Amino acid sequence: MSKELQQIVERAVSQVLDRQLPKLQAELVERVLAELPAESAGSPAHAGAGSSDGLVQAVSSIHAGTTQKEILKALLDAGTAYASRIALFVVKAGAASGWQARGFSEDEAIKDFPLDVSGGPAAHAYQNRAVTPANIAEMDRRFVKQFGGPENEQILVLPLVLKDKVAALLYADGGAENLLDASSLEVLVMSTSAWLEVVSLRKQAAQKEMDSPPPMERPAPPPPSPVQTVNSFSDPFASHAPKHTAKAIPEPEPEPAAEVVEVASSASASAAAAPAADPFAGLSAEDADTHRKAQRFARLLVDEIKLYNQAKVNEGRRNKDLYDRLKEDIDKSRSTFQKRYGSTAAASGDYFQKEVVRSLAEDDMSVMGANFKK
């Protein structure tokens with residue numbers, strides 16, 4: 001009976017999620033824009049293009065995508081309003097390889113270009129998962145030699161983070177027009193990451209519903225006509241193995257339905273020569289699963305705070321009073337976390353507190369201020 005009830009609940013949740021997504025999308029856009037720095041809309045370098053209305057349309061175009069490829073193309077297309085040149089590099093096994101670009105004299109030349117992530121701004125963005133402004137002179141020399149640089153020499157590298165891993169790097173510069181709006185580009189990248197996560201959750205909910213047997217014992221109905229879902233689209237990265245990485249033992253081709261979210265997981269699994277020790281190896285399977293879920297939930301809560309309060313986060317870091325500026329959001333999210341995991345095996349991990357310090361304060365406790373609970 002309990003299994004039958006679970007199946008009914010899963011179907012109900014899936015239906016509610018589909019109905020609520022448009023509302024959630026609109027709310028996400030409004031809350032992101034509400035936290036934008038006031039100067040981002042008034043800078044002469046991007047007057048008009050960087051207005052709130054323009055950014056709403058840009059985020060909406062990203063959220064209109066239903067597949068990975070559509071979403072990432074929308075990111076690049078929308079980014080042209082905020083940077084003269086923009087390019088996306090896929091990160092796999094610690095190597096970055098060009099995917100698509102906009103605004104270069106030869107956009108196609110970006111495809112498969114091996115970007116060096118061992119040093120410079122690309123390495124900083126990849127290793128610290130942080131937006132990295134820099135001078136073109138610090139960039140990969142091969143990149144500069146082939147594609148040149150902007151007139152004012154200022155560039156930007158932004159990490160696209162999925163499931164706590166950098167799955168791609170977005171390069172942007174002002175070209176000859178000096179068009180480079182860092183704040184708006186960061187909003188677009190964060191919105192893209194969040195929407196990819198939502199699409200992944202929708203796919204998982206749909207898959208569960210497809211896999212669940214009918215609640216009553218009765219003959220199964222004939223299969224419906226094929227419907228194009230997230231599962232049926234090909235991953236733009238699936239056949240995009242970097243050409244410059246060392247040859248290894250051939251592996252099976254990834255299935256076309258592989259998610260962008262899985263790029264980060266597969267990169268993590270293949271990057272290290274020796275597998276990292278499982279921190280939960282000594283626990284039972286059930287307790288280990290609870291700890292992992294608690295970690296993921298803490299990351300989601302803190303990412304939401306960061307997404308909706310980017311201006312306050314930046315100001316709090318500069319003034320070392322981050323907790324005072326975000327007290328209401330942090331305390332509310334901490335309470336939510338405690339209600340779900342405070343009485344479980346994961347309570348001892350203190351994962352929410354650790355994630356606040358790691359993500360919001362960038363591992364600098366002094367940034368949180370004197371009123372933050374240690």
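Phenylalanine 143 and phenylalanine 147 sit four residues apart in helix H5 (residues 141–147), so about one helical turn separates them. Helices here are DSSP runs of H or I with at least four residues, strands are runs of E with at least two, and both are numbered from the N terminus. An α-helix has 3.6 residues a turn, so residues three or four places apart point the same way. Before going further, please note that this is a predicted model, in which local features need pLDDT of at least 70, side-chain atom pairs count only at pLDDT 80 or more, and totals for chains, interfaces and linings use all residues. Residues are numbered from 1 along each chain as its sequence is written, and side-chain values use heavy atoms, with hydrogens and water left out.

Let's stay with those two rings. Their centres are 5.1 Å apart and their planes meet at 45°, so phenylalanine 143 and phenylalanine 147 form a tilted pair. Rings of Phe, Tyr and Trp (its six-membered ring) pair if their centres lie within 6.5 Å; planes under 30 degrees apart count as stacked, over 60 as edge-to-face and the rest as tilted. Phenylalanine 143 counts as buried because its relative accessibility is 0%, and phenylalanine 147 is buried at 12%. Buried means under 20% relative accessible area, exposed over 50%, and partly exposed in between (1.4 Å probe, protein chains only). The structure holds 13 aromatic pairs.

Now to the sheet. Six strands form an open sheet in the order S3-S2-S1-S6-S5-S4, with antiparallel pairing; two strands pair if DSSP finds at least two bridges between them. S3 and S4 are the edge strands, each pairing on one side only. S1 and S2 are joined by seven antiparallel bridges, with lysine 92 facing its bridge partner alanine 95 in S2. Two residues lie between the strands of this hairpin, and alanine 93 takes a positive phi near 50° there. Strand S2 (residues 95–102) is mostly covered, with eight of its eight residues buried. On to strand S3 (residues 114–115): S2 pairs with S3 in the antiparallel sense over two bridges, and alanine 96 stands opposite leucine 115. S1 also pairs with S6, over six antiparallel bridges, where isoleucine 86 has alanine 172 as its partner.

Which residues are buried in helix H4 (residues 120–128)? They include Pro121, Ala122, Ala123 and Ala125. The cover over the buried residues of H4 includes S3, strand S4 (132–135), S5 and S6.

Finally, the core. A nonpolar core is a set of buried Ala, Val, Leu, Ile, Met, Phe, Trp, Tyr and Cys residues joined through side-chain atoms within 4.5 Å. The largest one has 31 residues, and Leu88, Leu170, Leu185 and Leu188 touch the most other members. Among the elements that each supply at least two residues are helix H2 (52–63), helix H3 (68–79) and helix H6 (182–211). H6 gives the largest share, seven residues. Leaving aside neighbours within four places in sequence, leucine 188 is in contact (heavy atoms within 4.5 Å) with residues including Leu55, Ala58, Val59, Ile62 and Leu75. A second, separate core of 25 residues includes Ile305, Tyr323, Tyr351 and Phe352.
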